[in-house]
Every structure is written in structure tokens, then in C-alpha cells.
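Good morning, and thank you for coming. I would ask you to look at the structure on the screen while I describe a few of its features.

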Amino acid sequence: MEDARSEVRWSPRVTQWKLRNLYERTSAGIWDEDLINDVGMTLYMRCRDILSIHQAETSGEVTCPRCDAAGRTTLIPRRGDRWTPMTCPECGWSLTWVEYHATFHRRQLNPGGAVTSFRTFVAAFERSRDPRGRMLAIDRVIHEFHYSLRELPDQPTRAAGVNLIAGNLTQVEAFLSNLSGMDLPEAFHETDRTWRAKRATIRWDDILEKKRNLRAAAGRPRPSPPPEG
Ligand SMILES: [Zn+2]
């Protein structure tokens with residue numbers, strides 16, 4: 001079982017120094033194709049992993065890591081409970097959900113409320129071949145947010161950059177704030193403005209207050225009918 005577990009390998013987050021280096025090149029007016037592809041590929045692999053986890057959690061299909069390493073995609077349907085072995089029909093790799101879940105738990109790999117953003121980046125990165133297009137896709141995805149509240153679907157709750165950039169939430173937010181101060185081309189300004197505006201709306205006291213009010217409104221008893229007779 002230990003071997004099967006060690007075959008599950010999740011792509012790392014991009015380091016802050018590499019991303020900073022990329023933005024410094026960009027602010028110097030250089031579209032550094034090698035560096036853009038390097039950072040972009042790291043983010044691409046990371047997003048694909050997050051989407052695989054999303055697929056395993058929501059549609060119950062686990063991507064076989066052994067087949068994946070061999071360059072083919074095999075989806076293993078989850079059956080039974082958390083302790084039922086999930087066995088690949090192609091290669092025999094086998095693990096329980098409990099063991100599998102432990103490989104990504106608390107590793108900033110949870111898709112949460114940013115699935116669409118990660119999916120959009122994967123598609124954009126595959127589609128765009130020129131460095132400028134890829135760089136702008138990188139810029140967009142690292143400035144995305146999770147939207148995780150059922151009651152408030154348009155309320156950003158957390159910077160999605162923490163899923164993609166090494167560091168804790170506070171460090172990643174500080175890093176992204178520092179990027180704001182760089183002299184980047186015009187094409188980057190809108191994303192930055194949007195990020196700062198949305199970030200400013202994440203005030204948990206206000207959000208919880210809004211949630212309470214919505215719940216209270218939804219649960220308010222209807223006016224009782226007039227008594228009969
Ligand atoms: Zn397999």
C-alpha cells in the first residue's frame with residue numbers, strides 16, 4: 001500500500017522567486033518565452049492536478065497515477081466506501097479513498113470554489129502559443145479567487161493564488177500586492193485593479209453578517225393566516 005501511495009505525486013506550486021523574476025522581466029518590457037513556458041507549465045500541471053482531485057471528489061472518478069506516469073489516462077470509478085480499494089483495471093494500482101485523500105489533504109490542492117478559474121487557465125494555456133498570451137493567462141489565474149458560499153455566490157472568499165504559489169495565504173497575498181507596485185504593461189492593469197477591489201471585499205465580519213441576514217430572511221415565518229371562525 002505504501003508503494004501505491006508514493007506513486008501519487010502532485011505537482012508543486014510555483015516559487016515566489018521564479019514568479020517575481022518573471023514579472024521583473026515583464027516590467028522591463030521582455031516577453032521571456034522560456035521563463036513564461038517554465039512558470040506556465042508548473043501552473044498548468046498544478047491546475048490539472050487540482051482538477052483531477054475535483055473530478056475524484058465530485059464524479060467519483062480517480063485518475064490512475066501509474067497509468068498517468070506511463071502517459072495514458074485511466075479513470076477508476078469509486079465504489080463501496082472510503083475503505084474499499086480503488087483498483088486500476090489496466091495496471092493494478094490500488095489504494096483506498098482514505099489513503100488517496102491523505103495525499104492531497106491540507107496541501108492547497110483543494111479546488112474549492114475556483115474550479116472554473118483553474119479550468120479556464122488550462123484551456124487558455126493549451127490554446128495560446130505566443131508568450132504574451134500565455135503570460136496574460138498566468139497573470140489572470142494567479143489573481144483569481146474562490147467563491148465558496150452558497151448564500152453569496154458572487155462573494156470572493158479567498159485568493160486562489162495560494163493554491164498555485166508557494167507560501168501561506170498571508171504571504172501569497174503580500175506577494176501579489178507587491179506585484180501591484182511594479183511597472184507592468186497596460187494589459188496587466190485591469191486584472192490588478194480587479195484583484196485589489198475584490199480583495200478589499202473579503203472582510204469576514206461583513207460576510208458573516210450578510211450570511212446571517214440572508215438566513216434570517218429565508219427562515220422568517222410566513223405571516224400566520226387569520227384565525228378561523
Ligand atoms: Zn492504472
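Let me begin with Pro 185, which is partly exposed, with a relative accessibility of 28%. Please keep in mind that what you see is a predicted model. Where in the chain is Pro 185 placed? Pro 185 belongs to the loop that lies between helix H8, residues 169-180, and helix H9, residues 189-200. Setting aside residues up to four places away in sequence, Pro 185 touches Thr 26 and Trp 31. Pro 185 and Ser 27 are 158 residues apart along the chain, yet 6.7 Å separates their C-alpha atoms.

I now turn to the protein as a whole. The protein contains 10 helices and six strands. The C-alpha trace spans about 85 × 55 × 30 Å along its principal axes. Of its 229 residues, 41% count as buried. If we take the contacts between residues at least 6 apart in sequence, 64% of them join residues at least 24 apart. As for charge, the protein has 34 positive and 30 negative charges, and the mean positions of the two groups are 3 Å apart.

Next, the metal site. For comparison, the ideal angle for four tetrahedral donors is 109.5 degrees.

Cys 91, at 23% relative accessibility, counts as partly exposed, because the limit for buried is under 20%.

Finally, I would draw your attention to the loop between helix H5, residues 97-104, and helix H6, residues 115-127, where Arg 106 is found. Arg 106 is not a glycine, and its phi is positive, near 60 degrees. Gln 108 is also placed in the loop between H5 and H6. Gln 108, likewise not a glycine, has a positive phi of about 55 degrees. In accessibility, Arg 106 counts as exposed at 77%, whereas Gln 108 is partly exposed at 21%.

Thank you for your attention.

Terms used
Residues are numbered from 1 along each chain as its sequence is written. This is a predicted model: local features need pLDDT of at least 70, side-chain atom pairs count only at pLDDT 80 or more; totals for chains, interfaces and linings use all residues. Side-chain values use heavy atoms; hydrogens and water are left out. Buried means under 20% relative accessible area, exposed over 50%, partly exposed in between (1.4 Å probe, protein chains only). Helices (H or I, at least four residues) and strands (E, at least two) are DSSP runs, numbered from the N terminus. Contact means heavy atoms within 4.5 Å. Lys and Arg count as positive and Asp and Glu as negative; His and the chain ends are not counted. The place of a charge is taken as NZ of Lys, CZ of Arg, CG of Asp or CD of Glu.
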